[in-house]
Amino acid sequence: MERRDFFKKAIVVAGSAAVGSSTIEAAETVHPIDNRKVSDIAFPEKRPLITYSDRPPLLESPREVFTSALTPNDLFFVRWHMPMIPNYINPNTFFISINGLVEKEIKVSLKELKTEFKQLELTAVLQCGGNNRTAFKPTAGGIQWGVGAMGCAKWKGVRLKDVLKKAGLKKEAVWIGFNGEDKAVYSETANFVRELKLEHLNDDILLAYEMNGEDLPYLNGYPLRLIIPGVYSDSWIKMISNITATKEKQQLHFMEKAYRIPDNECECETPENLVKKTKPIEEMNVNSIIGYPVTGTKVKNDSSLVVRGVAFDGGHGIKKVQVSIDGGNIWEDAQLDDGSAGKYAYRAFTHAFKPKNSGKQTIMCKATNEKGKEQPFAKDIQWNHGGYKYNGIDEVTVEVV
Amino acid sequence: MKKLLLATLILVSPLFAQVEGGITVPYIDFPMKEGKGMYSTRGKCNMCHSWGYTLNQGLQSKKFWREKVMKMIVVFKAPIKTQKDIDTVVNYLFENYGNGELE
């Protein structure tokens, strides 16, 4: 299918959300839907964003955000699982409980977190595992995200390790479960609990109360959330208020069923033949995106066009970003920022060129990480039932006039 | 005295939230397509979540919608009690948000 045709098939419905293309035959992976408009209604502490749901809030950042190495808080995407989110939290009475297999069950207030533990800052990308899900054909289950279910922020908080140490984990503890303050409508519905195996605990995992120098926005988890750099955001619990250490893994829908991919080399399957053995989505694939220009931008023939975007991976670091203006035959190195924000952060890139001739001009970008992994073309990405981990080479089409 | 006052101030100095008094999440209307079973489906699904959460799953097969409805019942305890109610919701979803494929 031609990209332009694909755009035409995207349907924008009232309420500013959209449904996916109706292509049903098993087909090549395409570029994710890219032409959705932001809503005319802004959510609290946010500018208007692409709006998929209000209960729970599901908000996507528009592509233009990805020119900047840090995503502003009011443009940062939002994804909750449970619809009942406290609309007020008193920072002076809020605390987080640490319990289960610990020497001493403790409650730690926000103030204690800010004063009694070592304070750390870390810049890290937060990306939904289903970001770009609309690329997968046939339509994979889950919210039909375009390109903007991700962002990068400078987080400030304390090490999870230090807080656990204060409670003293018992030797038998193997798993730690995290729960936030969001709830389902029915009390019988299980909470959105996620677990981390203790062997995966490291110094970079934070309980963060600040995002880009401000309080976390409510919709991004005020007053405290978990930061697990390098992995998709399914376990970055928001409004986190409880941590329980256990010996056995709890049987949880969101651990056993959701956010899992085929446990094979290609992490792929077909709709007719779903792979039974699955694994968590975990480490983020190398990825990059163009924030400017966007598809439909008109640029003057022979004028200097500076392409801007961001690149990142699961923490190995970005080696290079390349740009192609001939459909992916010739690739030129883009200029990368100095990387001082660290290995979990966006690397901002720029690439200047002068468009020649008039008409459509495609611009693609491709990142390669320090491990030598590079982004594949969209069409070479194979399907998985949850539509996870898409990292196809990005593409925009401008009009040269 | 001054010192004592200062010490007291430090001890009790509250944390200030950026947003005073909390937030209000706006209501957004996600219109449902008119069709047989719409009212029943609205009652069963929209009690717990926005219609946007449903329609933004994309156009899907009958099998997909049936599995979603069963997941809502089994995992999330949705109060859809009878087989007739299940079928009504599944049929409405497939007829209005289906991709034409049974599986």
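Analyst: Let's begin with a working definition: two strands pair if DSSP finds at least two bridges between them. Please keep in mind that this is a predicted model.

With that in hand, look at strand β21 (residues 318-324) of chain A, which is joined to strand β25 (residues 359-369) of chain A by six bridges. The two strands run antiparallel. To find your place in this pair, look for A:Val321, which stands opposite A:Ala367 in β25(A).

In general, strands of a sheet pair through backbone hydrogen bonds, either parallel or antiparallel. Here β21 and β25 belong to an open sheet of five strands in chain A, ordered β19-β26-β25-β21-β22, with mixed pairing. At its edges lie β19 (298-299) and β22 (332-333) of chain A, each of which pairs on one side only.

Another antiparallel pair in chain A is worth a visit: strand β18 (residues 287-292) is joined by five bridges to strand β20 (residues 305-312). In this pair A:Ser288 faces A:Ala311, a residue of β20(A). Is β18(A) mostly covered or mostly open? It is mostly covered, as five of its six residues are buried.

A compact globule of 401 residues would have a radius of gyration near 21 Å, and chain A, at 21 Å, agrees with that. The C-alpha trace of chain A spans about 70 × 45 × 45 Å along its principal axes. Of the 401 residues in chain A, 49% are buried. Counting contacts in chain A between residues at least 6 apart in sequence, 71% join residues at least 24 apart.

One of the helices shows how burial can be arranged. In helix α3 (residues 160-167) of chain A, the buried residues are A:Leu160, A:Val163, A:Leu164 and A:Ala167. Seen down the axis of α3(A), these buried residues fall within an arc of 100 degrees, so they line one face of the helix. After α3(A) comes A:Gly168, with a positive phi near 75 degrees.

A:Ser241 lies in strand β15 (residues 240-246) of chain A. A:Ser241 is partly exposed, because 19 other C-beta atoms lie within 10 Å, and a residue counts as buried if it has 20 or more. Leaving aside neighbours within four places in sequence, A:Ser241 is in contact with A:Ile96, A:Ser97, A:Asn179, A:Gly180 and A:Glu181.

Next comes the partner, chain B. Chain B has five helices and zero strands. Buried residues make up 31% of its 103 residues. Helix α5 (residues 83-97) of chain B has 15 residues and reaches 20 Å from its first C-alpha to its last, close to the expected 21 Å. Buried in α5(B) are B:Thr88, B:Val89, B:Val90, B:Tyr92, B:Leu93, B:Phe94 and B:Tyr97. These buried residues of α5(B) pack against α2 (38-45), α3 (51-55) and α4 (62-74) of chain B.

Elsewhere in chain B, B:Pro14 lies in the loop between α1 (2-12) and α2. B:Pro14 is exposed, because 9 other C-beta atoms lie within 10 Å and a residue with 12 or fewer counts as exposed. B:Pro14 and B:Met32 are 18 residues apart along the chain, and their C-alpha atoms are separated by 46 Å.

Finally, how do the two chains meet? The contact takes 40 residues from chain A and 35 residues from chain B. On the side of chain A that touches chain B, the elements giving two or more residues are β3 (50-54), β4 (57-60), α2 (110-116) and β13 (214-215) of chain A. β3(A) gives the most to this side, with four residues. By kind, the residues on that side of chain A divide into 20 nonpolar, 13 polar and seven charged.

Definitions and conventions. Residues are numbered from 1 along each chain as its sequence is written. Chains are lettered from A and ligands numbered from 1 in the order in which they are written. This is a predicted model: local features need pLDDT of at least 70, side-chain atom pairs count only at pLDDT 80 or more; totals for chains, interfaces and linings use all residues. The radius of gyration is taken over C-alpha atoms; the globule rule is 2.2 Å times the number of residues to the power 0.38. Two residues are in contact if their C-beta atoms, placed from the backbone, lie within 7 Å. The expected span of a helix is 1.5 Å times one less than its number of residues. The arc is that of the directions from the helix axis to the C-beta atoms. Ala, Val, Leu, Ile, Met, Phe, Trp, Tyr, Cys and Pro count as nonpolar, Asp, Glu, Lys and Arg as charged, and the others, Gly among them, as polar.
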